[in-house]
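The sequence and the model are shown first, and a description follows.

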Protein chains: 2
Amino acid sequence: MTIKFDNVYINDTGTVTGPYEKNGPLQSYFDKSYNDFYFGLKTWEQAESKLIEDSIDILLNKIGRTRFDIDLHISGDLMNQLTSSNYAASKLGIPYLGVYNACATSTEGLIIGSSLVDKKIIKNCVCSVSSHNNSAEKQFRYPIEYGGPKRKTTTFTTTGGASAYLSSDKKGIRIESGTVGSVIDMGIKDVYNMGAVMAPAAAQTIYEHLRDTKREIDYYDLVLTGDLGIYGKKILKEYMETEYNIKLKNYDDTACMIFDLDNQPVYAGASGPACAPLVTYGYIFNKMKKKEITRVLLVATGALMSPTMVNEKMTIPSIAHAISLEVIE
Amino acid sequence: MTIKFDNVYINDTGTVTGPYEKNGPLQSYFDKSYNDFYFGLKTWEQAESKLIEDSIDILLNKIGRTRFDIDLHISGDLMNQLTSSNYAASKLGIPYLGVYNACATSTEGLIIGSSLVDKKIIKNCVCSVSSHNNSAEKQFRYPIEYGGPKRKTTTFTTTGGASAYLSSDKKGIRIESGTVGSVIDMGIKDVYNMGAVMAPAAAQTIYEHLRDTKREIDYYDLVLTGDLGIYGKKILKEYMETEYNIKLKNYDDTACMIFDLDNQPVYAGASGPACAPLVTYGYIFNKMKKKEITRVLLVATGALMSPTMVNEKMTIPSIAHAISLEVIE
């Protein structure tokens, strides 16, 4: 289901990362980076909430506004009960909607926000997401201290917070349309291969976006998924071609971009809801503003994995939501 | 932040409950009730997902439509990663947005859905929520089998699924406006007194709704919170009067309505995101259709409680979202 927007722009963004992202190839594109995983707080969960708070502080500072100027805050993260978003929203104290579609949460929030801004229901909103490697490992996998070996197909959760300010003011990057994906389940149970779980959801959403907009794939200078990782990226390319007869050429995946895959211990690449917006808001928007690329389809992909359901031997569903980003003419 | 809707109606609803609700005073208002907590499935989590599936099946059957006629599914629940919603959405296979604001999820979803329908971004949508007593107890508290004693202020999570079909067709009950609340934190850490945690959020949202719409409290034939319970209800009434100088007269709380508080072992009343819509869609809509009451302000309240953050001695934030429901003239 694709929604066309007439007047919605990401006027500005705020991005904050942890140490691995800081030591990665895109370091110069983030607004702020920490050298550790605690940021002066006592726990990883509280630190993750600070990533959202910081990203919003930076964003509000950039646009010269205070929290009282913001109509709505839409936010989500990987923590159970959206803890990072809730505690950040508690400090912000403005109308708040919590959203969750795992690593597709970023584009989910942006589509809801864009719909409300475009139809003038609200004047503006801030859309946030976060993820934190250690809090995610603790919640979804094993204690970090355990140091268990991992499979090659495992991804490494991004530590970061990313916030975008949306309004109808014609500056920044335009959100031209958004495609809301549906949940699919290919019967995969392997929690160490999320790329394989999510690739078919990405394919379906890209196909539906092109069908709904009557566009060919080469309409876009770049199709950017996030975050499939090395193996998921390969699966998507093959699957798109065999299942939908669409050849992905100008294509990349944010999971393969935010870290140095040859030299950082991140297995198949990055993951976490913060990954796609961190790469997009800094590195990609910079390319767009220089008009190196003008049209980007950002497809955030989420594995709707629950440790409880995995323990119950259930398969892992997935979803992907896409937004079409354009340089302002 | 209050959004006014011109043409949005809850055309029909589907409600399914567990045994406690079936044995409660509103039994005749539910579409379907189960006698146990498993519904033929192996686990409580899978059973909870079935509550959403069933409620949608019933709803689609009532309105004579199939899943292919539905533009969008908005859903949330108490399970980590919104598991119940995700697995139900996986079977439904239509565009899906996962939302979470604890027990305020029902009105959160309805406000998002109403915004999209009212502005003709979509033709229709189904908004769902669920909760399940045993899966919630397992996740948030102690194993059921442990049989630990509870404090009087504890609430008993509702087992149920509730779905609403929203469109611009003028039938059923009108959603006239919606107020998106903001997160507040009064510094309470007591996980056994959620009513006290949520009452100030309810008060703030009711106040903001009246302020935004320039209405007096007696504009509404009924202000209905859900789910504060016996003690939270008392706190809200006192707090509204001392803090906002607003006297709640025509007021009730769904937590005090769905069970027989004198004869069922439910402590301070009901809770869970399904509680408010289960009471509203059946019992309250029936009263409205008979024009016994014509204007209802439904205020769903959510304690954004995370067991992880409680273990870290953090306070519990809360939120409330309100919708104004009207009999069609």
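## Chain A as a whole

In this predicted model, 62% of the 329 residues of chain A count as buried. The radius of gyration of chain A is 18 Å, which agrees with the value near 20 Å that a compact globule of 329 residues would have. Along the principal axes, the C-alpha atoms of chain A fill a box of roughly 50 × 50 × 35 Å.

The secondary structure of chain A consists of nine helices and 14 strands. Of the contacts in chain A between residues at least 6 apart in sequence, 79% join residues at least 24 apart.

## Two domains in chain A

Chain A is assigned domain 1 (2–167) and domain 2 (173–327). The centres of these two domains, taken over C-alpha atoms, are separated by 18 Å.

Where the domains meet, 50 residues of domain 1 of chain A are in contact with 55 residues of domain 2 of chain A. On the domain 1 side, helix α4 (residues 105–118) of chain A gives the largest share, seven residues. By class, that side has 22 nonpolar, 21 polar and seven charged residues.

## The contact between chains A and B

The contact between the chains takes 43 residues from chain A and 44 residues from chain B. On the side of chain B that touches chain A, the elements giving two or more residues are α2 (44–63), α3 (83–92), β5 (96–98), α4 (105–118) and α9 (307–311) of chain B. The largest share of this side, five residues, comes from α3(B). By class, the side of chain B that touches chain A has 23 nonpolar, 15 polar and six charged residues.

Methods:
Residues numbered from 1 in each chain as written. Chains lettered and ligands numbered in written order. Predicted model: local features only at pLDDT ≥ 70, side-chain atom pairs only at ≥ 80, totals over all residues. Contact = placed C-beta atoms within 7 Å. Helix = DSSP H or I, 4+ residues; strand = E, 2+ residues; numbered from the N terminus. Nonpolar A, V, L, I, M, F, W, Y, C, P; charged D, E, K, R; others polar. Domains from an automatic or database assignment. Rg over C-alpha atoms; globule rule 2.2 N^0.38 Å. Buried ≥ 20, exposed ≤ 12 C-beta atoms within 10 Å, placed from the backbone.
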